[in-house]
Amino acid sequence: MIDRLNRSFESRVRIGIMAVLVVNDWVDHATLRRLLEVTDGNLASHLNGLEQAGFVQVRKRFVGKRPNTSYRVTASGRSAFQAHLDAIQELLKTDLKQ
């Protein structure tokens, strides 16, 4: 059963990123950093890992004259995260008294 847990989501930061992204469309870097209370470097590292796994899409653009980086969950990221949550739910239902 534990083999169904996805290693890409073993970090509390990555779980936080995915939790925010699955319920929002695009979320900018500053908002994620504020919500998750992490440093820019720590957040960037985890986002890069999720992007490399194909779970997060990155959009870089300018808003006015300021650069803005935003993220959203991909379809495969949404599916993988839901499967991870389902695996956790199954573990929570495990009855060891049998």
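Tutor: Threonine 74 is found in the loop between strand 3 and helix 4 (75–92). This is a predicted model, where local features need pLDDT of at least 70, side-chain atom pairs count only at pLDDT 80 or more, and totals for chains, interfaces and linings use all residues. Residues are numbered from 1 along each chain as its sequence is written, and side-chain values use heavy atoms, with hydrogens and water left out.

Student: Is threonine 74 buried or exposed?

Tutor: Threonine 74 counts as buried because its relative accessibility is 18%. Buried means under 20% relative accessible area, exposed over 50%, partly exposed in between (1.4 Å probe, protein chains only).

Student: What does the side chain of threonine 74 make a polar contact with?

Tutor: The side chain of serine 76, at 3.2 Å. A polar contact is a pair of N or O atoms within 3.5 Å; within protein, one must be able to donate a hydrogen and the other to accept it, and residues adjacent in sequence count only if both atoms are side-chain atoms. The threonine 74 side chain also reaches the backbone nitrogen of glycine 77 at 3.0 Å.

Student: And which residues does threonine 74 touch, not counting those up to four places away in sequence?

Tutor: Gly54, Phe55, Val56 and Gln57. Contact means heavy atoms within 4.5 Å.

Student: New topic. How many bridges join strand 2 to strand 3?

Tutor: 8, and the two strands run antiparallel. Strands pair if DSSP finds at least two bridges between them. Helices (H or I, at least four residues) and strands (E, at least two) are DSSP runs, numbered from the N terminus. Valine 56 has valine 73 of strand 3 as its bridge partner.
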